[in-house]
Amino acid sequence: MLTLNLIREKKEFVTGRLKIKNFESGEIIERILSIDSERREIQVKADNMQAEMNRISKEIGSLMKDGKKPEAESAREKTFAIKNEIRVLTDKLGPLEEQLREEIVKLPNLPHESVPAGYGADNNVMVREGGKIPSLPENALPHWELIKNYDIIDFDLGIKLTGAGFPVYKGKGAKLERALINFFLDEGSKAGYTEMMPPIMVNEDSGFGTGQLPDKEGQMYHAGLDNFYLIPTAEVPVTNIYRDVILSSDQLPVRNVAYTPCFRREAGSWGAHVRGLNRLHQFDKVEIVQIAHPEHSYEALEEMVNHVESLVARLDLPYRIMKLCGGDMSFTSALTYDFEVWSAAQKRWLEVSSVSNFESFQANRLKCRFREKGEKQTKLVHTLNGSALALPRIVAALLENNQTGSGIRIPGILVPYTGFDLIS
């Protein structure tokens with residue numbers, strides 16, 4: 001959430017930056033400033049009346065001391081009248097503050113100055129690429145055929161148990177999934193991230209804190225009876241650990257890593273580009289989160305990008321890193337890098353990770369602050385997160401890229417985790 005001071009003091013700057021995200025903010029900002037002006041005017045009146053009432057109250061004591069009881073009674077009547085006027089004014093403040101909040105939360109985060117303009121994926125900028133694209137025979141199969149042939153993931157059984165988009169992992173498929181989770185967690189721990197195991201359902205405050213709520217697109221599964229939400233990513237519960245927390249500067253950065261299942265309704269069309277593991281309603285993901293000092297958050301972002309890059313490289317997957325344009329960024333992000341891996345049988349790039357700096361946008365919602373040593377004033381932290389990694393498309397690419405005449409080869413880095421080097 002943008003701060004009111006920023007909107008008030010740098011209106012043109014805010015409007016201009018949001019245009020990079022193709023978001024026309026003019027009308028919302030005008031409403032915010034109008035409500036804020038009315039709220040401040042009422043607050044000034046109430047404060048002035050309170051000061052007047054305090055002055056008269058002191059005067060009453062002097063009048064009583066001087067034996068001027070009639071004058072003291074008259075002054076007391078004035079304080080009663082002023083108190084009623086203050087109550088009328090303050091009763092107006094609550095609804096105005098709620099209106100102000102409702103308008104401010106409609107504004108997305110400002111994009112970083114390095115974010116390129118654009119409307120979608122075609123306008124994203126490649127930062128770098130790595131790995132070698134494998135050469136497969138003409139009869140190479142996409143992963144949705146491979147998983148049937150080797151009986152390692154069952155979509156039909158998932159439909160029976162739940163519905164479309166909820167696969168069942170079986171045998172070596174389940175072991176491969178667990179191996180990837182453990183590998184990603186171990187690498188996160190080696191990189192200095194403290195492992196967390198958070199709940200996979202959160203309350204409204206948590207959903208609001210990281211920007212998933214209000215959920216304009218209805219992408220979150222909602223357990224209505226208890227008003228809980230199934231998490232779309234571990235970012236939500238892990239970042240909310242620090243909601244309403246004041247850290248000291250020497251505690252920063254905070255680094256956490258967590259594995260969770262993730263749930264997304266993923267409303268939209270279904271076709272070849274979202275077949276098999278390409279789009280699921282439930283999937284596994286390991287997430288890294290940092291709570292950083294504002295002066296060092298972009299160093300932290302680069303560190304996180306390098307960490308994710310090391311993971312895809314060690315899995316021997318061809319990859320590329322894309323800087324997202326304004327039109328392809330999330331509501332909450334200031335700067336995002338996407339990782340894509342090459343799917344050899346599908347002959348296309350698959351997104352497997354987004355690594356983002358939210359600057360103070362989430363922190364303002366979370367009321368997550370820090371205090372410099374020796375200072376009384378607090379400041380907002382910066383929050384960052386990244387997939388390290390999302391498993392479905394990683395599995396898809398591993399299966400397709402490593403298919404051979406004798407089976408599917410397991411990357412060497414995973415063999416200690418799987419206990420086998422071939423799915424056959």
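A: Start with α3: what covers its buried residues includes α1 (4-9), α2 (11-20) and α4 (69-104). Keep in mind that this is a predicted model.

Q: Which residues of α3 are the buried ones?
A: They are I28, I29, I32, I35, D36, R39, I42, A46, M53, I56, I60 and L63. Buried means under 20% relative accessible area.

Q: Which residues meet where α7 and α10 are in contact?
A: From α7 come F183, F184, E187 and G188. From α10 come H307, L311 and R314. By kind, these contact residues divide into three nonpolar, two polar and two charged.

Q: What makes L324 buried?
A: Its relative accessible area is 4%. The cut-off for buried is under 20%, so L324 is buried. L324 is found in the loop between β11 (319-323) and β12 (335-343).

Q: Which residues does L324 touch, leaving out those up to four places away in sequence?
A: L324 touches V115, P116, N124, M329, T336 and D338. Take P116: it is 208 residues from L324 along the chain. Yet the C-alpha atoms of the two are separated by 7.4 Å.

Q: How do you know that the peptide bond from L213 to P214 is cis or trans?
A: Check omega. For L213 to P214 it is near 0°, and the bond is cis. P214 lies in the loop between α8 (204-209) and β6 (222-223).

Q: What is omega for the peptide bond that joins A388 and L389?
A: Omega is about 10°. This peptide bond is cis. L389 has its place in strand β16 (residues 382-390).

Q: Why is D151 called partly exposed?
A: Its relative accessible area is 44%. Buried needs under 20% and exposed needs over 50%. The value for D151 falls in between, so D151 is partly exposed. D151 lies in the loop between α5 (143-149) and β2 (153-154). Its phi is positive, about 55°, although D151 is not a glycine.

Q: What makes D244 exposed?
A: D244 has a relative accessible area of 53%. Exposed means over 50%, so D244 is exposed. D244 sits in the loop between α9 (235-240) and β8 (246-248). Its phi is positive too, about 60°, and D244 is not a glycine.

Q: Why is helix α12 called mostly covered?
A: Count the buried residues. In α12 (residues 391-401), 10 of its 11 residues are buried. Among them are L391, P392, I394, V395 and A396. E400 and N401 are buried as well.

Notes: Residues are numbered from 1 along each chain as its sequence is written. This is a predicted model: local features need pLDDT of at least 70, side-chain atom pairs count only at pLDDT 80 or more; totals for chains, interfaces and linings use all residues. Side-chain values use heavy atoms; hydrogens and water are left out. Buried means under 20% relative accessible area, exposed over 50%, partly exposed in between (1.4 Å probe, protein chains only). Helices (H or I, at least four residues) and strands (E, at least two) are DSSP runs, numbered from the N terminus. Contact means heavy atoms within 4.5 Å. Ala, Val, Leu, Ile, Met, Phe, Trp, Tyr, Cys and Pro count as nonpolar, Asp, Glu, Lys and Arg as charged, and the others, Gly among them, as polar.
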